Amino acid sequence: MRVVIVVFISLLFTACKKDSPKPPSAAVLTSPLQNSLCTTGVSITPTTSRVEFKWQTADNTNTYELRVTNVLTDITQTVSTQSTSAELTIEKGTPFSWLVITRNTEVQETASSTTWQFFNAGSQITHAPFPAQVIAPLSGASMVRDINGEIVLEWSGADVDNDIVGYEIFLDTVSPPQVLVASPAASVSSIEINTTANTVYYWKVITKDAEENSSDSGIYSFRAL
């Protein structure tokens, strides 16, 4: 009888383990493409068009939440769907970022795709650069200075016209940062800056193109250790 009970408990444990729900995988975005000029939208009004967003099927996922953000206003639209595509009406001639959150109703964990940027086509001939994407340090980070007391600032830039001419890097101990510490060329995506220990710094990147358009990354902060 004891052997039967042990076997039963073992089988029950195995069955429970096998049926345990798994967290969702991150979706892989497909369209609109990263750093692209989106020309596939259907015109709705003189200032808006309806754009279809697509991504690949993610494992262990019941629903997808599409999040599309107007980069200029920071206003986000969301759509929940069980499909791998969704449509939204958005402003023409405007840069956007988008991502997809995957959910499984049997678990609390969610997963996020990478974030892509695109420019929704309008009537303009030239386009401002996308705001630079800060890679490091991110806001709230604590950064250990090297032997020379320096920290590396790193970012990435993109422009649908491919005419970025350079950047302006502002760094300061007050926000918004007022001190221009470097003006690197378009081919440069990181600089080393001297810092003081136990000090909070604020920094941002201005991206400039050949048509005198510019964009602002927004302000990030970090503590130098």
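Is Phe118 buried or exposed? Some notes on the aromatic side of this one follow.

1. Ground rules first: this is a predicted model, where local features need pLDDT of at least 70, side-chain atom pairs count only at pLDDT 80 or more, and totals for chains, interfaces and linings use all residues. Residues are numbered from 1 along each chain as its sequence is written, and side-chain values use heavy atoms, with hydrogens and water left out.

2. Phe118 is buried, at a relative accessible area of 0% (buried is under 20%, exposed over 50%, partly exposed in between, with a 1.4 Å probe and protein chains only). Phe96 counts as buried too, at 1%.

3. The ring rule (Phe, Tyr and the six-membered ring of Trp, centres within 6.5 Å; stacked under 30 degrees between planes, edge-to-face over 60, tilted for the rest) gives 7 aromatic pairs. One of them is Phe96 with Phe118, stacked at 5.7 Å centre to centre and 20 degrees between the planes. Phe96 sits in strand E8 (residues 94-103) and Phe118 in strand E10 (residues 116-120), so the contact ties together parts 22 residues apart in sequence. Strands here are DSSP E runs of at least two residues, numbered from the N terminus.

4. Phe96 and Phe118 also belong to one aromatic cluster with Phe53, Trp98 and Trp116.

5. Now Tyr201 and Phe222: their centres are 5.7 Å apart and their planes at 20 degrees, so this pair is stacked. Tyr201 is in strand E17 (residues 199-209) and Phe222 in strand E19 (residues 220-224), so parts 21 residues apart in sequence are tied together. Both Tyr201 and Phe222 are buried.

6. Lastly, a charge over a ring (NZ of Lys or CZ of Arg within 6 Å of the ring centre and within 35 degrees of the ring normal): Lys204 lies over the face of Phe170, 5.5 Å from the ring centre.

Notes. Helix = DSSP H or I, 4+ residues; strand = E, 2+ residues; numbered from the N terminus.
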